[in-house]
Amino acid sequence: IGVLATTAGVALALSPVISGLMIDTIGWRSIFLANVPFMIVGLLLSIKCVRASSPSVKKMNILSQVFLGLFLSGSTYLLLEFPRRFMFSELDTLILFACVLTIAGFFYSERRSSVPLIPPSMIKNRTILVCSLMSFVANFVMFAVMFLMTIKLQSIQGWTSAQTGLL
């Protein structure tokens with residue numbers, strides 16, 4: 001937990017500065033390339049250091065993964081597109097309906113699976129459930145504030161990306 005907290009703290013402090021400088025010097029598309037070295041290091045470290053926690057379990061709940069992936073893709077699309085137009089098109093309505101169906105399919109698949117993605121014991125444990133929800137809410141609020149402050153400082157105050165990152 002200490003390594004995770006330290007890494008998250010360093011990333012939280014350095015990311016805005018580095019990304020602000022990258023946007024001002026190289027352009028905003030460079031942000032997508034910034035993750036590539038970290039992904040390579042993470043992949044190499046996980047191959048070398050991480051062992052399977054339960055080698056006897058060889059099955060995977062592919063159906064739940066597909067349902068969850070489709071739900072997250074559709075809901076992300078809706079969250080990105082809706083604010084731009086402030087109304088639903090026919091396609092948006094169809095995607096919203098598909099999201100409802102896929103999340104229902106996810107829960108149905110999870111209940112029927114012998115190897116669920118989210119073990120029922122975790123959901124039934126009130127401490128884990130409350131801590132997970134509180135962590136989600138705290139992170140959501142933190143990133144929402146960072147996002148909105150960035151937009152305010154750059155769009156309204158006229159700051160550059162580097163100046164905003166240094167704040």
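Two helices, α5 (120-124) and α6 (126-156), each supply at least two residues of a nonpolar surface patch. Helices here are DSSP runs of H or I with at least four residues, and strands are runs of E with at least two, numbered from the N terminus. The model is predicted, so local features need pLDDT of at least 70, side-chain atom pairs count only at pLDDT 80 or more, and totals for chains, interfaces and linings use all residues. Residues are numbered from 1 along each chain as its sequence is written, and side-chain values use heavy atoms, with hydrogens and water left out.

The patch covers about 560 Å². Its members are L117, I118, M122, I123, I128, L129 and L133. Helix α6 gives the largest share, 3 residues. Patches are made of residues with over 30% relative accessible area and no salt bridge; nonpolar side chains (Val, Leu, Ile, Met, Phe, Trp, Tyr) are joined within 5 Å, and like charges within 9 Å. A salt bridge is a side-chain nitrogen of Lys or Arg within 4 Å of a carboxyl oxygen of Asp or Glu. Accessible areas come from the Shrake-Rupley method with a 1.4 Å probe, and for residues only the protein chains shown count as cover.

L117 lies in the loop between α4 (90-112) and α5. L117 is partly exposed, because its relative accessible area is 35%. The classes are buried (under 20% relative accessible area), exposed (over 50%) and partly exposed (in between), with a 1.4 Å probe and protein chains only. I128 belongs to helix α6. I128 has 34% relative accessibility and therefore counts as partly exposed. I128 and I62 are 66 residues apart along the chain, and their C-alpha atoms are separated by 25 Å.

L117 is also a contact of N61. N61 sits in the loop between α2 (30-49) and α3 (62-85). N61 is buried, because its relative accessible area is 8%. Apart from residues up to four places away in sequence, N61 touches S109, E110, S113, V115, P116 and L117. Contact means heavy atoms within 4.5 Å. The side chains of N61 and S64 are joined by a polar contact of 2.8 Å. A polar contact is a pair of N or O atoms within 3.5 Å; within protein, one must be able to donate a hydrogen and the other to accept it, and residues adjacent in sequence count only if both atoms are side-chain atoms.

F106 is found in helix α4. At 4% relative accessibility, F106 counts as buried. F106 touches S64, F67, L68, L117 and I118, leaving aside residues up to four places away in sequence. L68 is 38 residues from F106 along the chain, yet their C-alpha atoms are separated by 6.1 Å. Helix α4 also holds L101. L101 is partly exposed, with a relative accessible area of 47%. L101 and F67 are 34 residues apart in sequence and 8.8 Å apart in space, C-alpha to C-alpha.

The structure holds 2 aromatic pairs. One of them joins F106 and F107 edge-to-face, at 5.4 Å centre to centre and 65° between the planes. Rings of Phe, Tyr and Trp (its six-membered ring) pair if their centres lie within 6.5 Å; planes under 30 degrees apart count as stacked, over 60 as edge-to-face and the rest as tilted.

S161 lies in helix α7 (residues 161-166). S161 counts as buried, because its relative accessibility is 11%. S161 touches G20, I23, D24 and Q154, not counting residues up to four places away in sequence.
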